[in-house]
Amino acid sequence: MNGEGSPAVRFRLLGAVEATVGGRAVPLGHARQRCVLAVLLIRIGRPCTAADLVDRVWGEAPPQRARDTLYGYLSRLRRVLARSGRQQIITRGAEGYTLQGEESDVDLYVFRQLVERARHTDDPDRATVLFDEAFRLWRGEPFGAFETPWLDGLRVTLRQERFAAELDHYDVGLRLGRHRELLSPLRTQARHHPLDERLAGQLMLALHRCGRSSEALDHYQAVRVRLAEELGLDPGAQLRTLHERVLAADPALEATPPRLSLSSSPAPPQVPCQLPAPVGAVIGRATEFATLDQLLDTATAVPSAATVVSITGSAGIGKTTLALSWSHRVREHFPDGQLYADLRGFDPGGVPMPQHQLVHSLLEGLGVASTALPVTADARLGLYRTLIAGRRLLIVFDNARDADQVRPLLPATPGCFAIVTSRRQLPGLLTTGHVRHLTLGLLPDREAHALLAGTVGSRRLAAEPEAAAALVRLCARLPLALSIAAARAATAEHLPLAALADELRDEEHRLAALSTGDSHLTDLASVFHWSYRALSPSAARMFRLLGLHPGPHTDADAASASSRLSPSRTRAALAELTHANLLHQHAPTRYAFHDLLRVYAAERALAEEPREQRDAAVHHLLDHYLHTAYEADRLLDPHRDPIDQGDRRHAPGQLVDHDGALAWFASHRLVLLNAVRDAAARGYHGYAWKLAWTLTTYLQRTGHRDDWMDIARLAVEAAHHDDTPAGRAHSHHGLALALAWAGRSGEARTHLDLALDAYAALEDHTGLAHTHRTIAFVLQREGHHEQALHHAERTLAHYRTAGHTAGEASACNAIGWYRAQLGDLTAALGDCERALELFEQVGNRTGIAYTWDSLGFIQQGLGRSDEAVRCYERALSHFRDLGDVSSEAETLTGLARAQHTLGHSNAAVLACREALALTRRHGLPRPALLGELLHAASRAART
């Protein structure tokens with residue numbers, strides 16, 4: 001906050017309110033004037049109105065000339081602080097008074113920053129230093145002895161923040177094995193906070209580790225009784241589990257030395273900006289906007305925990321529009337980003353977004369690569385909570401099915417603001433702290449007319465007031481229904497509003513399936529039908545056919561494929577649907593239905609499209625996705641063996657390179673997964689297993705292993721229904737590969753045996769070779785190198801029989817690698833040199849990279865470290881071009897070993913650190929002996 005050459009200004013709030021200029025204390029006047037400064041410091045760099053200052057300094061009983069007194073205090077504070085050389089340190093603008101400066105100038109914000117850094121470091125010793133530095137900033141009660149209602153509330157919040165930080169500090173101490181020195185402070189805290197279960201668990205653990213297990217069990221019983229008597233509750237699951245483990249003398253409870261982290265500092269977190277644009281304008285929600293603004297102001301001024309708001313109401317009431325409109329208005333208040341997730345709680349298919357898919361999506365939004373995702377669902381959820389802790393994030397969970405779907409994902413730490421929208425009330429969230437509920441009702445008549453007027457025009461409404469009133473009544477004052485009616489009126493200017501109202505009165509076509517007893521939903525169905533009838537024939541048919549799409553979104557290419565319209569006519573039909581509010585364009589090339597409209601469109605298709613035409617449209621759509629996905633897969637892996645796609649009824653796509661194919665898969669992943677499921681459900685089994693086959697490369701490389709496993713199982717079932725021998729063989733092998741990557745060797749073996757039988761019946765030597773290669777992979781991961789070598793040799797025989805040159809090269813490299821593991825280095829060298837020759841002959845860069853890595857290992861084993869370095873460096877060059885970070889880390893480890901053997905200690909240390917950084921950044925397994933190698937190389941470099 002200081003100009004060049006100006007003395008530094010520092011402020012203290014964690015004790016008496018104080019300020020220093022250039023390290024020297026300055027007189028701040030009496031307590032009330034210090035209170036004014038405290039209020040400004042809480043909002044440092046942001047304006048505070050005079051009314052807020054008066055309210056926070058004097059409370060409910062300000063003096064008669066409070067504002068004049070306030071201006072005097074501000075004037076004196078300016079003069080005192082002007083010693084810093086800054087005449088404009090307290091400025092006045094249109095929004096109020098602002099104390100110019102940075103949060104780092106105030107001890108309160110420094111405390112929070114230190115605590116956040118301590119919580120996010122994986123070095124417990126460093127965390128201890130940071131916590132200690134943070135606690136040293138406290139000099140007594142925040143703001144000294146001066147009391148006002150606002151200061152008292154903030155003081156309580158700060159005590160809670162410190163207590164939470166102290167508990168985190170105790171956790172770190174317990175990790176470091178300092179249970180004996182923590183015993184006394186834990187006992188003291190337990191007396192002050194007898195109902196805190198986390199603290200109770202920490203004290204129990206410290207007692208147990210000090211050999212006082214009986215005291216730990218007694219403390220549990222005391223807490224259990226007190227919880228029952230005072231709150232009528234039992235201890236939570238975590239404390240109960242700890243009690244059982246203490247009873248069982250679980251050896252895992254004993255202190256273990258912390259694992260040192262040698263990796264480089266993690267990359268800064270990604271700042272997500274995921275908010276989609278709101279659909280339409282918000283009218284008549286001034287009260288809700290004001291409530292949200294007030295909650296944000298409170299959360300900013302008095303951050304104690306995350307703020308969670310649930311916005312509920314019937315379909316079409318405007319929940320999402322309100323949430324997104326307000327979120328866009330305040331996004332600058334959340335510098336760490338905005339996350340958005342559609343939970344699909346009321347998806348027409350009846351299946352909300354699976355939790356693993358939702359957590360995966362949120363982690364990707366936070367910058368976590370798919371390859372870095374933890375294996376288990378609990379670990380992924382834990383990583384998500386860790387990444388949002390302490391960050392100023394806005395998170396919108398749209399369309400929740402129930403409280404259980406969203407509760408595990410709600411933030412718990414100060415700084416985060418979450419909005420949950422749902423058609424249902426969410427009473428289950430009442431048990432979650434800091435949740436505010438907003439229920440949206442129908443628009444009042446005045447706002448409903450204003451919504452119509454915004455599209456139709458006030459003059460037209462005034463010319464037909466009775467018809468306008470009828471439209472409002474028949475649309476049930478429901479925002480979505482009103483928007484559709486307004487769009488129809490605006491595009492049919494020649495039609496009297498009375499005629500439109502008469503159409504709405506026709507109840508013949510109302511959607512009985514969507515009637516819930518709420519009249520506004522029934523009227524909404526009538527509006528859907530009325531708006532649909534006003535479409536041109538081509539747009540109406542497009543609307544019906546889009547109801548057959550598996551979702552969650554579509555694009556012009558898919559719409560053209562299913563309708564068989566030209567691209568220009570397809571774009572025109574989509575534009576008409578968008579303008580009529582029957583379709584939403586939520587990205588330049590993507591379109592999506594409101595979920596009720598998807599149901600309605602599907603019903604229109606069943607009612608109006610003949611069975612043969614419905615089947616043809618679905619076949620055309622699946623053709624489009626199958627052939628486009630096949631083209632994209634060929635760009636990702638040009639050397640993958642093809643499958644029979646069947647008759648091609650799809651025009652060639654526009655994908656031309658690897659990056660374009662990767663981007664297409666990324667944007668269509670959910671659509672393709674739904675297409676596999678939809679094809680299987682409709683009985684189009686050939687499409688189901690073939691689509692699953694096209695997705696395998698992408699899902700494997702990008703780490704979407706749950707999705708890969710799901711569709712691999714569907715593919716096996718579909719292939720058996722399809723009764724295609726090749727489909728059964730491919731699908732069993734595909735599922736086996738997914739299981740092998742997941743470490744489920746037993747299940748993988750079952751499907752590998754089935755694949756072998758299927759390929760043998762087909763006399764498909766290439767398929768047999770692929771399967772034996774996967775068996776060798778499974779055996780290698782289990783450490784059975786001799787058996788792996790046997791299957792690699794069988795792989796080679798089958799590839800040679802099939803005349804498969806790239807496969808022969810892969811088998812030679814595998815044989816060389818397994819022989820090298822078994823110590824037969826001379827033979828291994830010949831195998832891998834032959835593999836390199838064949839790979840270069842067919843131009844397979846991935847195979848070339850793996851073979852150079854194998855040659856590096858072999859040359860190192862033969863004592864030719866100079867040659868090993870050259871081989872490893874060649875492999876590294878290829879792996880980096882291919883973006884294969886897992887293999888790059890393994891090769892760096894081999895390179896470090898070779899450099900260390902040559903006495904190039906600094907180069908070895910550098911390679912080790914690069915490998916560690918890669919494993920840390922992408923969540924990869926750490927290569928064997930890497931830590932030991934780094935230690936040895938570092939020690940050699942120092943001598």
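Rings of Phe, Tyr and Trp, taking the six-membered ring of Trp, pair if their centres lie within 6.5 Å; planes under 30 degrees apart count as stacked, over 60 as edge-to-face, and the rest as tilted. With that in hand, here is a cluster: ring pairs join F111, F131, F135 and W138.

A word on the source. This is a predicted model, so local features need pLDDT of at least 70 and side-chain atom pairs count only at pLDDT 80 or more, while totals for chains, interfaces and linings use all residues. Residues are numbered from 1 along each chain as its sequence is written, and side-chain values use heavy atoms, with hydrogens and water left out.

Now the aromatics. The structure holds 12 aromatic pairs. One of them is Y71 with Y97, a tilted pair at 6.5 Å centre to centre and 45° between the planes. Y71 is in helix 3 (residues 66–81) and Y97 is in strand 5 (residues 96–99), so the pair ties together parts 26 residues apart in sequence. Helices (H or I, at least four residues) and strands (E, at least two) are DSSP runs, numbered from the N terminus.

Are these two tyrosines buried or exposed? Buried means under 20% relative accessible area, exposed means over 50%, and partly exposed is in between, with a 1.4 Å probe and protein chains only. Y71 is partly exposed at 30%. Y97 is buried at 4%.

F111 sits in helix 4 (residues 107–120), and W138 in the loop between helix 5 (124–135) and helix 6 (149–175), 27 residues apart. Both F111 and W138 are buried.

Next, the sheet. Two strands pair if DSSP finds at least two bridges between them. Here 3 strands form an open antiparallel sheet in the order 1-2-3. Strand 1 (9–12) and strand 3 (24–25) are at the edges with a single partner strand each, so one side of each has no neighbour in the sheet. Strand 1 pairs with strand 2 (residues 18–21) over 4 bridges. F11 has A19 in strand 2 as its bridge partner.

Last, the cores. A nonpolar core is a set of buried Ala, Val, Leu, Ile, Met, Phe, Trp, Tyr and Cys residues joined through side-chain atoms within 4.5 Å. The largest has 89 residues, and L622, Y625, F665, L691 and L695 have the most contacts inside it. A second, separate core has 57 residues, including V26, V36, A66 and L74.
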